[in-house]
Amino acid sequence: MVQRFHLTYSSVAVLHAVSRGYRYGFDIMDATGLPSGTVYPALRRLKQLGYVGSSWEAREVAADAKRPRRRYYEISKRGAVALADALQRFRLLNEPLAEACGDEVAEPS
Amino acid sequence: MSRAAISGTVTHLALQLSFAVVRVLSLFVPRLERADWVEEWHGELRSRYAPADASDPLAATNVPPPRFGRPFQPLRDAGGALPDALWHAREDWRFEMLSHDVRFAIRTLLARPAFTMTVVVTLALGIGANTVIYSAVDAVVLNPFDFEDPDSVIGVGTIYPKLNRDLGFFERLSAPEFGDIIENVSAFEQVAAFDLGNRQITGGDAPQNLFAGFWWHDVMPVLGFEPVLGRGFSSEDITNREPVALISHRVWQARFAGDASVIGSTIRIDDAPFTLIGVFPPAALVYGTDLWMPMSADPATMPRNRRQYNIIARLADGASLDQANAQLEALARRTQQEYGAEFEEYEDWRLVARTWTDVNVQTLKPAAVILLAAVGFVLLLVCTNVASLLLARSAGRQREIALRAALGAGRLRIIRQLLTESALLAALGGLVGVILAYFGLQALTLNIPSNLIPTSANLEINARVLGYTALISGIAGIVFGLAPAMQTSRLELQRALNLESGQSTGSRRRRRLHGAFVAVEVALALTLLVGAGLLINSFVRLHRVQPGVDTDNVLTMRLTLPWNKYSDEAIAAFFDDLTERVATIPGVTAAAAGTQYPPIVFSRLQFVPEGAEIVEEGSLPVGYLTLADEGYFDTLGIPVVRGRRFTRQDRLDGPLVTVINQTLANTYFPGVDPLGKRIKIGAPEDENPSVEIVGIVADTKNRGLGSDPQPEFFVSLRQANGVNNQIYLIVRTAVPAISIVEDVRAQVAAIDADQPVYGIRTLDQAFADQVAPQRFALLMLSAFAAMALALAAVGIYGVVSYAVSDRTREIGVRIALGAGRREVIGMMVRQALIPVAIGLVVGLGLSIGLGVAMAGFLFEANGADPLTLSLVMVVLGGVAFLASYVPAKRASAVDPVEALRVE
């Protein structure tokens with residue numbers, strides 16, 4: 001897979017966070033500890049690569065929760081493959097990352 | 001307020017600010033995604049830092065307390081929107097998009113070749129002129145020396161308040177003073193003193209006079225050079241004054257045909273054998289000396305006041321010029337304490353270090369600044385003209401732009417497209433400008449006064465010059481492109497799309513911008529014209545000055561008689577013989593000899609007037625001393641006012657006499673008859689005989705046309721006993737002076753075949769050379785002013801033409817309603833002249849500022865000369881009137897029927 005070479009450490013971290021269910025920008029920032037200036041461009045990039053999709057939360061839901069509606073990000077199938085591959089490739093990075101998230105490496109589907 | 005409350009307020013403000021930041025940044029985000037993008041960022045920021053409507057009591061309980069110490073966190077988080085926005089914008093800035101813009105711009109420009117050519121040529125003239133002037137300034141003022149680390153090469157000069165001598169660096173220090181500097185100034189890593197003179201290379205084809213430097217300490221390490229060939233001076237060469245010599249690269253090429261085998265051979269200098277040990281590189285020319293020989297003196301035995309040395313030094317690693325100056329200042333004070341009683345001139349004297357570049361070009365800096373500013377004004381005018389053209393053209397592109405906007409192009413995007421076009425125009429203008437500059441530089445090299453340029457300076461287009469050109473081209477592109485682009489991109493979409501082709505919106509705003517351009521052009525042109533006018537005025541005055549000598553048909557040339565062949569009375573005898581022989585040449589009416597002549601009298605000496613009080617409190621009597629023979633005054637046409645001139649009877653064995661000029665008489669013998677009084681030549685402590693004043697001659701402009709006559713006294717060459725061996729032959733002719741040069745050479749050769757003559761020029765030339773810098777500045781500034789006048793005229797013409805075509809319908813209606821054609825012309829001209837008038841007023845202010853800045857350059861001319869100002873305003877006003885009248889006349893030719901049918 002050629003595209004894996006495009007994924008930087010922070011992109012992998014963001015993708016990983018999304019796969020773990022951290023679904024909106026600031027949540028991902030908290031999960032990864034990365035600043036907004038890193039997380040957002042990474043999200044745009046992952047979206048461009050088709051690794052994540054995004055959708056707006058329904059207005060009613062947001063209104064009920066008394067907060068602005070959110071844009072949620074979701075990992076795609078291709079994203080999951082890429083993530084698994086990336087975690088394989090960056091084994092050194094993978095371990096602390098996996099540990100930190102309490103995750104076992106996903107199998108490629 | 002509690003700390004938490006304060007922190008909360010700050011966070012609230014920071015949040016509001018961060019919303020604004022996101023909004024501004026959203027401009028980078030493509031329009032289609034912008035709303036979503038803003039909502040996402042605002043939403044995230046709001047839910048983090050103001051999670052709920054504070055008015056809702058239920059939600060308020062959920063507000064987490066603001067984290068202390070981080071009230072600006074919202075701003076930091078919002079800062080992340082910048083890379084995010086740029087990530088979105090990068091689509092727009094991809095290379096393909098840029099290249100698309102460029103290709104589109106090329107097509108647009110090619111579609112209007114006449115317009116493009118006009119703009120490129122105009123720009124090229126402006127940029128080319130700037131490139132030429134900058135390369136001259138770079139070569140002459142900014143980087144005249146190619147030394148290793150040129151800022152570390154230092155000259156040392158002196159100020160003697162007691163002798164009325166301002167800061168000078170030329171032949172200002174004596175051997176003991178040099179010795180003191182070597183010992184006391186640790187900021188200098190290397191110091192060399194040198195003396196200058198003329199020497200003859202004899203043997204070979206023809207005797208040749210070379211300007212020579214005599215070095216006390218090797219100068220190569222000071223300059224940071226190695227000899228091109230051979231070696232430099234060793235310390236033994238210096239201390240033993242070995243008969244060894246280095247020659248310049250150019251003499252090696254010209255006289256020795258670049259033959260490497262001459263190193264080690266013997267050459268004859270002033271008829272004595274010297275071993276040629278090396279060739280120094282072209283960049284090492286110091287004051288244009290071509291021949292270097294070692295020299296040294298014993299500081300302990302040399303008199304402190306025989307000041308004939310120049311000093312050049314290299315700063316030690318890590319030492320600064322300030323440190324050097326501090327050490328020199330301390331040294332000067334110690335010297336004053338120690339020797340002040342013996343040498344009065346040490347009172348408050350100062351030793352001053354400057355970079356060698358400053359030493360040599362300091363006086364040219366103001367001229368360089370004025371020329372750069374003037375040529376910069378020309379470029380500004382060019383930019384204004386081009387902006388005006390672009391603006392006029394943009395009217396025809398209104399629909400194109402509107403269509404692009406309708407299809408989703410943002411304003412930034414459109415401005416970028418338009419700026420790409422102007423950048424392309426600027427680049428083309430810069431390119432053609434450099435080519436023009438190449439030829440301009442050739443022309444400049446022929447016209448720039450050679451005595452202005454250090455001999456090592458190279459007038460060329462180098463990397464620095466190209467960098468400067470690129471810079472000004474880029475700035476020009478923005479300057480002339482931005483205003484039209486802003487104006488063009490600001491449009492009311494609906495109206496623009498509804499327009500018929502050929503019509504435009506925003507006429508009024510565009511007209512106002514056009515008016516502003518005209519005002520700027522007029523102001524700039526006025527300023528340049530006034531600058532040129534002031535210089536012309538000053539130059540004319542300078543030319544009206546009576547030089548005090550008769551400059552027509554006088555030929556001068558210099559001879560340096562070698563000491564080892566001619567000494568004592570033999571020097572006067574040689575010139576006796578020579579002047580007699582030269583007088584027999586047909587066409588020669590008089591011949592004389594003297595050590596210097598106006599306008600450049602340079603040898604300055606202290607003297608002591610006897611029997612007269614010293615009038616100038618606090619300063620010692622100083623005058624210029626000229627050695628002259630009995631024909632000197634008549635040949636130059638200097639009248640004797642009282643007493644007598646020298647005669648052949650004023651011999652060494654007779655009573656010693658002097659002739660003084662009027663200024664010396666008035667200054668040092670006020671109210672006394674100086675005839676019969678005596679003066680002692682030299683400082684009071686010197687043991688010189690005194691001489692009797694036997695004559696008073698009229699003043700000459702002995703220090704140049706622009707200066708007042710200075711005190712000067714003359715001593716007979718016969719009584720000088722050969723103290724000076726560098727003497728001018730001065731010949732007055734009834735035929736063109738330059739035509740007898742070969743006859744004179746023949747007479748010199750008849751006496752001594754090995755004796756070269758040099759420095760051949762007419763007295764007219766000498767006076768012309770002396771005002772060459774002024775003439776050069778005048779020439780350049782006049783050229784710029786002429787360019788400015790032409791540009792302003794073209795600019796006004798263009799704007800009025802455009803206004804006429806833009807308002808054809810309106811004019812047609814007016815005529816149809818009964819307006820006379822003359823009224824129509826009058827209206828157009830009147831409207832055109834309003835910005836001209838504004839420009840004249842603004843320009844007047846600028847001109848007065850310029851006049852003040854130029855005051856130092858002007859000879860007896862006031863910086864705010866009313867005659868110059870009013871003359872220039874009349875000229876410019878007249879040109880502006882013509883430039884608007886001619887196209888306005890076309891308005892009167894509008895056929896109302898045709899004009900109304902346009903729609």
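A contact, as the word is used here, means heavy atoms within 4.5 Å. By that rule, the contact between the two chains of this predicted model takes 20 residues from chain A and 25 residues from chain B. Residues are numbered from 1 along each chain as its sequence is written, and chains are lettered from A in the order in which they are written. Local features need pLDDT of at least 70, side-chain atom pairs count only at pLDDT 80 or more, totals for chains, interfaces and linings use all residues, and side-chain values rest on heavy atoms, with hydrogens and water left out.

**The interface.** Buried area is the accessible area (1.4 Å probe) that two parts lose on being put together, summed over both; between chain A and chain B it is about 1900 Å², with carbon and sulfur atoms giving 53%. A:Phe26, A:Arg44 and A:Lys66 supply 33% of the area that chain A buries against chain B, more than any other three residues. Six salt bridges are counted between the chains, a salt bridge being a side-chain nitrogen of Lys or Arg within 4 Å of a carboxyl oxygen of Asp or Glu. One of them joins the side chains of A:Arg71 and B:Glu40 at 3.1 Å, N to O. The largest share of the side of chain A that touches chain B, seven residues, comes from α3(A), where helices (H or I, at least four residues) and strands (E, at least two) are DSSP runs numbered from the N terminus.

Buried means under 20% relative accessible area, exposed over 50%, and partly exposed in between (1.4 Å probe, protein chains only).

| Residue | Relative accessibility | Class |
|---|---|---|
| B:Thr116 | 10% | buried |
| B:Val545 | 16% | buried |

B:Thr116 lies in helix α7 (residues 113–142) of chain B, and, not counting residues up to four places away in sequence, it touches B:Leu109 and B:Leu425. B:Val545, by contrast, is found in the loop between α19 (507–544) and β12 (554–560) of chain B; its contacts, counted with the exclusion of residues up to four places away in sequence, are B:Lys701, B:Leu705 and B:Phe859.

**Confidence in chain A.** The predictor's confidence in each residue, pLDDT, runs from 0 to 100, and its mean over chain A is 79, with 76% of residues reaching 70 or more. Confidence in chain A is lowest in helix α6 (residues 91–101), at a mean of 55, and highest in strand β2 (residues 71–75), at 92. Where pLDDT is low, the predicted coordinates should not be read in detail.
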